Amino acid sequence: MASSVNPTVRRRRLGQELRRLRELKGMTAEEVAERLLVSQSKISRLENGRRSISQRDVRDLCGVYEVEDQRIVDSLMQMAKDSRQQGWWHAFGDIPYSVYIGLETDAESLRTYEPQIITGLLQTRPYAEALIQGALPETSVADVEKRVQVRIRRQERISAGHNPLRLWVVLDEASLRRVVGGRQVMREQLEHVAEMSQLPHITVQVLPFDVGAHPGINGQYSILEFADTADSSVVYIEGVTSDLYLEKAPDVQKYTVMYEHLRAQALNVEQSRQRIEDVAKEYAR
């Protein structure tokens, strides 16, 4: 469940406000870095919310931007303090995609395309265990269990009784056919997806093999949207060693249009559920 203070979202909002103040001052990130004797990359990371922001950072930046209204300074300082609190996921130790979890925890809606696997929010525990073990063969049993626990905890966003995450998933047919954990695990996994797809806030569509080439051919991505208009939408692309977050309006728009094409080419909701159930029955034979 979303906490009252989400450090990831606080960092994003604070970074956006600091960028706005810099632009109002007519300064480049390089100029600010020179004034503060820090690297330009630090200024960029502070503004995009990828780096923890200290109250000292805020104080120094407000000084450079000549912010005279103490109420604004105090508000930004409080946001910096809040941004250094820990989200629920920090209790599990070092999670490589913790930034994404913070965004997902606060998001109002999530649209995702999965070309190879069942999306994490719809995974059963046996499927998640087999998937993580297969994807990370050198990972210890303890670390696999930690990752599985985080994945299950994330699913509270779609099972919440109040204001659940609005989830729209387009699954490539390959994700239904790739046997992860054995036929029994796959049957139970697909039955779970079919069941979850009947909830009013969850939509699942299947992109069949016979579609051929399509806009999502280059791989998985997700689009997160937020209730607060101050929070821009984010495109998330998961990588092996690092992840990519796109927030510029033209980038988000491009991926949004791609997603609309995927939805249009996929089977409709009823056809998709039927396809999922049919493949599940195949695994029972």
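Predicted model: local features only at pLDDT ≥ 70, side-chain atom pairs only at ≥ 80, totals over all residues.
Me: Let's begin with the whole chain. How many helices and strands does it have?
Reply: Helices (H or I, at least four residues) and strands (E, at least two) are DSSP runs, numbered from the N terminus. Here the protein chain has 13 helices and six strands. Its C-alpha trace spans about 70 × 40 × 35 Å along the principal axes.

Me: What share of the residues is buried?
Reply: A residue is buried under 20% relative accessible area, exposed over 50%, and partly exposed in between (1.4 Å probe, protein chains only). Of the 285 residues in the protein chain, 48% are buried.

Me: And what share of the contacts joins residues at least 24 apart?
Reply: A contact means heavy atoms within 4.5 Å. Taking contacts between residues at least 6 apart in sequence, 74% join residues at least 24 apart.

Me: Now the pocket. What volume does the largest one have?
Reply: First the idea: on a 1 Å grid over the protein atoms alone, a pocket is an open set of points where a 1.4 Å probe fits, with protein on both sides within 12 Å along at least five of seven lines; lining residues have an atom within 4 Å of a point. Grid points are joined across faces, edges and corners, and a volume is the space filled by probe spheres set on the points. In this structure the largest pocket has a volume of about 1,000 Å³. It is lined by 37 residues, and the closest to its centre are Ile117, Arg151, Tyr236, Glu238 and Gly239.

Me: Which elements give two or more residues to that lining?
Reply: They are α6 (98-106), β1 (109-114), α7 (125-135), α8 (141-154) and β5 (234-237). The largest share, four residues, comes from α6.

Me: How do the lining residues divide into nonpolar, polar and charged?
Reply: Ala, Val, Leu, Ile, Met, Phe, Trp, Tyr, Cys and Pro count as nonpolar, Asp, Glu, Lys and Arg as charged, and the others, Gly among them, as polar. By that rule the lining has 16 nonpolar, 13 polar and eight charged residues.

Me: Let's turn to the rings. How many aromatic pairs are there?
Reply: A pair of aromatic rings is described by the distance of the centres and the angle of the planes. Rings of Phe, Tyr and Trp (its six-membered ring) pair if their centres lie within 6.5 Å; planes under 30 degrees apart count as stacked, over 60 as edge-to-face and the rest as tilted. The structure holds four such pairs. One of them joins Tyr100 and Tyr236, and it is stacked, with 4.3 Å centre to centre and 25° between the planes. Tyr100 belongs to helix α6 and Tyr236 to strand β5, 136 residues apart, and the pair links distant parts of the chain. Both Tyr100 and Tyr236 are buried. Ring pairs also link Tyr100, Tyr236 and Tyr245 into a cluster.

Me: Why is the pair of Tyr221 and Tyr255 edge-to-face?
Reply: Their ring centres are 4.8 Å apart and the planes are at 70°, so the pair counts as edge-to-face. Tyr221 lies in strand β4 (residues 221-225) and Tyr255 in helix α12 (residues 249-265), 34 residues apart. Tyr221 and Tyr255 are both buried.

Me: Which ring has the charged end of Arg263 over it?
Reply: A charge sits over a ring if NZ of Lys or CZ of Arg is within 6 Å of the ring centre and within 35 degrees of the ring normal. Here the charged end of Arg263 sits over the ring of Trp168, 3.6 Å from its centre.

How values were computed. Residues numbered from 1 in each chain as written. Heavy atoms only, no water.
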